[in-house]
Amino acid sequence: MSNEKHALIIGAGLSGLASALALKQKSWQVTLYEQAKEHKGIGAGIVLAANAMKALDKLGVGQEVRELGAAVRSARIRDWKGNLLVELPVAEQAERYGADSYLIHRADLQQALFAKISTHELVLGKQFVSFSQEKERVHAAFADGSRTHATILIGADGIHSRVRKSLFGEESMRYSGYTAIRGIATYQDPRYPLESGGGFEAWGKGIRFGFSHIGNNRIHWFAATNAPEGEKDGPSGRKQETLRRLDGWYEPVRAVIEATEDAAILRHDIYDRTPLRRWGEGRVTLVGDAAHPMLPNLGQGAGQGMEDALVLARCLADDHTDSARALRMYEEIRKKRANAIVKGSRLMGAVTQWENPLAIAARHFLLKTIPARIQSRRLDWIVGHEV
């Protein structure tokens, strides 16, 4: 294989797959190296805001995602008793942005991207260890003792990125202060008629609950609850412990948890990292969660990785004679926006997880009194963006 325009991509998650598709559109050869021994979809539901959908269209998979997911048709914030605090004008937002937001199972999104990758472009069971560089190429070493080289190396290996560690050394992750319990249930109840693409969040004291209808009677839900880092499930088990914490909440909060199989309920402490001043060195750079892991509160983790992929490919196409310079150009274009969203996501999480009753009362008063259109406009710079 010629090394003239060949990219090694470490990690075959959403950002790695998006980077591969974007680079292939610019006539680059790509090889994805994934440490897992088999490629299978994981995770729960995911929201793809208008900016992410526009990116997916440019990557050539927008229509497939629309067929697999459900367009967002309602978005409400309530208190834990079910009282409406605000209903966001999703139809108006979609018209303003020129695209609907979508809800989809993460595994379905991953499969839509993976379907565009050729078999010879993906190597499984390869754990990245380190890289080294020379003037014209970069070398990658793997845990099985094998080595390879190419024009550039892209770290798309997530929040625990080994490429990032090789670049900048050991760093501590930042715990958000809360853990997320998530699941997907097949759920339908005539007492609570639900439209495809409908959803809400309910905010309580140190805990919030999210509920999204992602199509085919499937409900993605999550509970974000304040907890010490590393806390284990209680003796009654994850499902019963979650139901206990949501005791007294309005339905269908508890009903959809009851409808979820115990083994399908996931739990993860939620982390991000301090934003980096630089994302790469020489012929190596980072994309997605490897570059800017963010808390999920603004629904932008996947979208920002896709934006990274498109800008990266564009820069490499525009400056095809100096790949290292093109990577620095990509980083300069993307850093400010991505890092601002990291900070915004952390701030949003702090507000939604408040425990002080006075602060909660003030929060709910503002949500009820500030017009929904004004509240939604605060996200225009994020959701209305197009790369």
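Two residues are in contact when heavy atoms lie within 4.5 Å. Among contacts in the chain between residues at least 6 apart in sequence, 74% join residues at least 24 apart. The model is predicted: local features need pLDDT of at least 70, side-chain atom pairs count only at pLDDT 80 or more, and totals for chains, interfaces and linings use all residues. Residues are numbered from 1 along each chain as its sequence is written, and side-chain values use heavy atoms, with hydrogens and water left out.

**Overall form**

The chain holds 13 helices and 18 strands. Both are DSSP runs numbered from the N terminus, helices being H or I with at least four residues and strands being E with at least two. Along the principal axes, the C-alpha atoms fill a box of roughly 65 × 50 × 40 Å. The radius of gyration is 21 Å, which agrees with the value near 21 Å for a compact globule of 387 residues; this radius is taken over C-alpha atoms, and the globule rule is 2.2 Å times the number of residues to the power 0.38. Of the 387 residues, 53% are buried. Buried means under 20% relative accessible area, exposed means over 50%, and partly exposed lies in between (1.4 Å probe, protein chains only).

**Aromatic pairs**

Rings of Phe, Tyr and Trp (its six-membered ring) pair if their centres lie within 6.5 Å; planes under 30 degrees apart count as stacked, over 60 as edge-to-face and the rest as tilted. By this rule there are 9 aromatic pairs. Two of them are listed here.

| Pair | Centre to centre | Angle between planes | Class |
|---|---|---|---|
| Tryptophan 80 and tryptophan 249 | 6.5 Å | 50 degrees | tilted |
| Phenylalanine 200 and tyrosine 250 | 5.6 Å | 45 degrees | tilted |

Tryptophan 80 lies in the loop between β5 (76-79) and β6 (84-87), and tryptophan 249 in the loop between α7 (238-245) and α8 (253-258), so that the pair links parts of the chain 169 residues apart. Tryptophan 80 is partly exposed because its relative accessibility is 33%, whereas tryptophan 249, at 7%, is buried.

In the other pair, phenylalanine 200 belongs to strand β14 (residues 199-203) and tyrosine 250 to the loop between α7 and α8, so parts 50 residues apart in sequence are tied together. Phenylalanine 200 and tyrosine 250 are both buried. They also belong to one aromatic cluster, formed by Phe200, Phe209, Phe211, Trp221 and Tyr250.

The loop between α7 and α8 also contains proline 252.

**A charge over a ring**

A charge sits over a ring if NZ of Lys or CZ of Arg is within 6 Å of the ring centre and within 35 degrees of the ring normal. Arginine 208 places its charged end over the ring of tyrosine 178, 5.6 Å from the centre.

Strands pair if DSSP finds at least two bridges between them. Strand β10 (residues 138-142) is joined to β11 by 4 bridges. Alanine 140 has threonine 148 in β11 as its bridge partner.
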